Amino acid sequence: MKKKLVSMMLLLAMTLTACGNGGENTSADSKAGEVEETASVEEVSSETAPAKEVELNIMMSFPQYMDQWEDYCDQFEAKMLAEENVKVTINLEMPSADQYDSILQARLTGDDTPDLFTIQANNIQTYANAGYLTDLTNEESIAKVYDNVKETVTVDGKVMGVPIESTAWSVLYNKQMFEDAGITPPETLDELKAVCVALQEKGYTPFMLAFQEQWVPQLMTAVTLGGKTTGDIPDWLERMYKDEASYEEVREIFDVINLIMENGTKRAMEEGSEVGAADFANGAAAMFVQGTWSANTIMTTNPDMQLGVFALPVNNNPECTRINLATSTVLGVYANGLEKEVAIKFANYVLDDNDSSALFQACGFNPISSIHAFETASWVQDAYKYVEEGRSYQDLVLPSSVTDEQGRLLQELYVGSVDIDGIIERLDGAFKEANELSK
């Protein structure tokens with residue numbers, strides 16, 4: 001401001017001087033004054049222009065990575081201020097995975113919708129059809145995503161979210177315990193039974209159970225259904241959507257589920273996923289039906305643990321022993337957000353050329369883009385051996401209401417308030433109800 005005043009005073013003085021000289025002022029002198037004033041004003045403007053202020057609300061479903069994403073949000077705020085003179089304040093929320101969907105639904109139907117939010121890839125079409133998601137097809141981040149991963153977030157030819165968490169998973173196991181017991185990962189149900197016996201003889205509890213949150217026991221139906229249907233009855237899910245099939249056809253998945261429950265840790269309903277992962281890391285059990293997304297908690301709790309992954313056998317047909325390959329978490333941009341432009345910038349920043357690799361590696365995520373150049377963890381390599389051998393399946397897309405019901409029913413099975421016949425009946429009913437609602 002001072003520079004501007006000085007320039008104005010100088011101009012005034014020159015004008016008065018010109019008047020004192022009988023109005024004789026050359027064109028060159030006039031232009032020089034104009035140039036000097038313009039330069040001074042521009043200089044002042046660049047120095048004093050206040051930063052535009054923007055507030056972003058982001059909601060994500062993996063609280064185990066809160067520290068990593070808080071740091072990444074801080075980086076984005078600094079980048080926007082330095083490069084675009086935009087002061088971004090990010091409010092990051094990470095409800096527990098068990099409550100996340102219900103909280104998000106309440107926010108979406110109210111007047112407090114977050115600018116960005118994560119959803120399961122299996123549900124992306126539902127959210128897209130409801131008009132909640134922004135088409136990101138032509139954004140710079142999407143061009144970097146591997147084609148097979150891009151397909152998992154595409155609806156009617158449009159990419160409706162940025163994939164974040166792509167995983168290959170089934171059973172986590174303690175390699176040291178297996179070595180102590182003289183066993184290797186099983187390929188069949190009979191071999192899994194033998195593994196349980198060998199572990200118990202060595203003094204180890206075979207399975208970690210943490211069923212307080214319904215989504216954790218639900219993982220057992222996810223991997224058993226995926227293996228069973230892919231290996232034996234590949235048209236089962238298609239027929240379920242036509243009301244032409246039944247869970248009775250996959251009844252044997254409960255053989256392995258019962259085996260897990262009978263050979264697991266006690267008080268399963270008193271422990272959630274995070275406590276279960278920590279206890280598993282500390283040696284409470286040798287195996288845990290859980291995704292590699294829990295690796296961060298496990299390795300933070302016990303950095304020396306020898307963590308591995310194997311595919312859960314469903315029966316004695318090795319063709320059904322397969323790994324689950326899925327894009328589990330997608331970041332969407334709310335279609336009607338007030339700060340949509342900046343929200344899209346953050347979505348693109350998730351796959352930033354310089355910063356994304358460090359984020360994905362810190363979270364233990366798999367590479368999903370050509371920009372990701374980092375060595376994956378040993379347990380990720382274990383899982384991808386099945387993928388390389390052609391022994392994987394794409395995560396089954398069930399109605400979300402059926403997925404939730406599967407988890408609740410396995411909680412009930414554990415406490416003895418329902419039997420297998422009751423589960424089959426209720427799951428068939430839940431699927432038919434979901435089909436009817438989708439018409």
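Here is a short chat about a predicted model.

Biologist: I'm new to this one, so how many helices and strands does the chain have?

Modeller: Keep in mind that the model is predicted. The chain runs to 439 residues. Its secondary structure comes to 18 helices and 10 strands.

Biologist: And what share of the residues is buried?

Modeller: Buried here means under 20% relative accessible area. The chain as a whole exposes about 20,300 Å², with carbon and sulfur atoms supplying 48% of that. Of the 439 residues, the buried part is 51%.

Biologist: Take the contacts between residues at least 6 apart in sequence: what percentage join residues at least 24 apart?

Modeller: A contact needs heavy atoms within 4.5 Å. Counting those between residues at least 6 apart in sequence, the share that joins residues at least 24 apart is 75%.

Biologist: Is E70 buried, partly exposed or exposed?

Modeller: E70 sits in helix α3, which covers residues 66-84. Together with D67, D71 and D74, E70 forms a negative surface patch. The relative accessible area of E70 is 36%, and buried means under 20% while exposed means over 50%. So E70 counts as partly exposed.

Biologist: Now D353: which residues does it contact, leaving aside neighbours within four places in sequence?

Modeller: D353 lies in the loop between α14 (340-349) and α15 (356-363). I371 is 18 residues away from D353 in sequence, yet their C-alpha atoms are 5.9 Å apart in space. With the neighbours within four places set aside, the contacts of D353 are K144 and I371.

Terms used:
Residues are numbered from 1 along each chain as its sequence is written. This is a predicted model: local features need pLDDT of at least 70, side-chain atom pairs count only at pLDDT 80 or more; totals for chains, interfaces and linings use all residues. Side-chain values use heavy atoms; hydrogens and water are left out. Patches are made of residues with over 30% relative accessible area and no salt bridge: like charges are joined within 9 Å, nonpolar side chains (Val, Leu, Ile, Met, Phe, Trp, Tyr) within 5 Å. Accessible areas come from the Shrake-Rupley method with a 1.4 Å probe; for residues, only the protein chains shown count as cover. A salt bridge is a side-chain nitrogen of Lys or Arg within 4 Å of a carboxyl oxygen of Asp or Glu. Lys and Arg count as positive and Asp and Glu as negative; His and the chain ends are not counted. The place of a charge is taken as NZ of Lys, CZ of Arg, CG of Asp or CD of Glu. Helices (H or I, at least four residues) and strands (E, at least two) are DSSP runs, numbered from the N terminus. Buried means under 20% relative accessible area, exposed over 50%, partly exposed in between (1.4 Å probe, protein chains only).
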